[in-house]
Amino acid sequence: MPRRTYDVAIVGAGVIGAAIAHECASRGAAVLLIDRGTPGGGASGAAAGMLAPCSEAHTPGPFLEAARESLALWPSFAARAQADGGIDPELTLDGLLRVAPDADAATDVQARLRWQRETGIAEGTWVDQAEARNLEPALSADVQGAAWYPNEGHVHSRRAVEALVAAARARGAEVRHGVAVGDRSTVDAQRVILAAGAWLGDLAPRFGGTLPVRPVHGQLLVLHGIPRPPRRVVFAGLQGYVVAKRDGTVLSGATEETRGFDTTPDAAATERLRTQAAGLIDGVDHATGVHPWTGLRPAAPDGLPLLGPLPGRDDDRVLVAGGHYRNGVLLAPLTARGMADMALDGRTPPGWSAFDPRRLG
């Protein structure tokens, strides 16, 4: 590996690392993006790509504020990536239905809408069964109603990583994959950003710090050949979700298990996800192909992102961009902009104190 001085070296080429690389390179910085595997080979490559801040957040607070801000950035973020790299990340903002499969779920969904309205969030409205099926004809007849969020949607997560890596390269970033940190190489960089997802906890000590990040195993089911794929994201909280991509592939997700770094698919989970999908949309029994995707979500103890200096060091030359858990794709635009501010200008974005990695001691 050649020796060179960079303004920013980013470790991890998932959606977060690739987004930061593109943003920093777009500002004229000399950027190195490095990954021990292939870009998007971790959690980003096994994600449904949902952009659903009001459906993911359980309470008002910094996470919901950041998620809503990041969603608003996605259209320009995707357009810039496609313009620079020539790859369409397949951004689709056709709305999301947070459905209620039964009466108890309907009560919970309506309670969610109430606290959102009380805190000034007016995006969602309740729709009854007939209105929900009009918005999404593929919905199962069992659905009682839904919260309709017209501004939410999804992106093709694998395409997004490909688009961002290509865009970063087009802006002058150097991208190296198949190279682990410490592989008999030396890189000089003014700032290092650790964006290695579930492996952050193992990586941090090599840079003189500590991070309590744990991997959470998640499994998705990929369904091919459903006669009428859903047009909207159909989300049912703990009872899962389904989302269709432009090629007609339908994703059903997702499990959450603590299994260390084991990414082996589980046959029981596969059947559970198929049954779950059949409870949300019609036509699952006609699927002509079924296979699982697995990935490891990076989780911090309090469930919030880790964005800022690496704890354990007495300087800010090593920064962390991780702990996004289920929402790395959603938070990529905001994370990229904020981490570029930190790395290149020494400026912490307003409202990011809640995400400072040093909060965890």
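## Strand pairing and the sheet

Two strands are taken to pair if DSSP finds at least two bridges between them. In this predicted model, β10 (residues 214–224) and β13 (residues 250–253) meet that condition, because three bridges join them. The two strands run antiparallel, and Leu221 has Ser252 of β13 as its bridge partner.

Both strands belong to an open sheet of eight strands with mixed pairing. The order across the sheet is β5-β6-β4-β11-β12-β13-β10-β14. The edges are formed by β5 (125–128) and β14 (289–299); each has a single partner strand, so one side of each lacks a neighbour in the sheet. From one strand to the next, the twist averages 25°.

## Strand β6 and its partners

In the sheet order, β6 stands between β5 and β4. With β4 (residues 96–100), β6 pairs in the antiparallel sense over five bridges. Within that pairing, Arg98 has Ala147 of β6 as its bridge partner. With β5, β6 is joined by four bridges, and these two strands also run antiparallel. Here Val127 stands opposite Ala146 in β6.

Is β6 buried or exposed? Five of the five residues of this strand (residues 145–149) are buried, so β6 is largely enclosed by the rest of the structure. The cover extends to both faces. Gly145, Ala147 and Tyr149 are buried on one side, and Ala146 and Trp148 are buried on the other.

## Nonpolar cores

The largest nonpolar core holds 78 residues. The members that touch the most other members are Ile10, Ile20, Trp74, Ile193 and Met339. Leaving aside residues up to four places away in sequence, Ile193 touches Val8, Ala9, Ile10, Val11 and Ile20, together with Leu319, Ala321, Met339 and Ala343.

Trp148 is one of the buried residues of β6.

## Pocket and cavities

The second largest pocket contains about 670 Å³ of space. Its lining is made up of 32 residues, and those nearest the centre are Glu56, His58, Glu256, Tyr325 and Arg326. Two or more lining residues come from each of α2 (53–56), α3 (62–85) and α8 (267–278).

How many cavities of 30 Å³ or more does a search of the whole structure find? The search finds two. The largest cavity has a volume of about 40 Å³. Its lining consists of Ala66, Pro305, Leu307, His324, Leu331, Leu334, Thr335, Trp352 and Phe355. Helix α9 (residues 328–345) contributes the most to this lining, with three residues.

## A buried loop histidine

His156 is found in the loop between β7 (153–154) and α6 (157–170). Why does His156 count as buried? Its relative accessibility is 11%, and residues count as buried under 20%. Not counting residues up to four places away in sequence, His156 touches Pro89, Glu90 and Lys245.

Conventions:
Residues are numbered from 1 along each chain as its sequence is written. This is a predicted model: local features need pLDDT of at least 70, side-chain atom pairs count only at pLDDT 80 or more; totals for chains, interfaces and linings use all residues. Side-chain values use heavy atoms; hydrogens and water are left out. Axes are lines fitted to C-alpha atoms, for helices over the stretch in contact, and angles run from 0 to 180 degrees between N-to-C directions. A nonpolar core is a set of buried Ala, Val, Leu, Ile, Met, Phe, Trp, Tyr and Cys residues joined through side-chain atoms within 4.5 Å. Buried means under 20% relative accessible area, exposed over 50%, partly exposed in between (1.4 Å probe, protein chains only). Contact means heavy atoms within 4.5 Å. On a 1 Å grid over the protein atoms alone, a cavity is a set of points where a 1.4 Å probe fits but cannot get out, and a pocket is an open set with protein on both sides within 12 Å along at least five of seven lines; lining residues have an atom within 4 Å of a point. Grid points are joined across faces, edges and corners, and a volume is the space filled by probe spheres set on the points.
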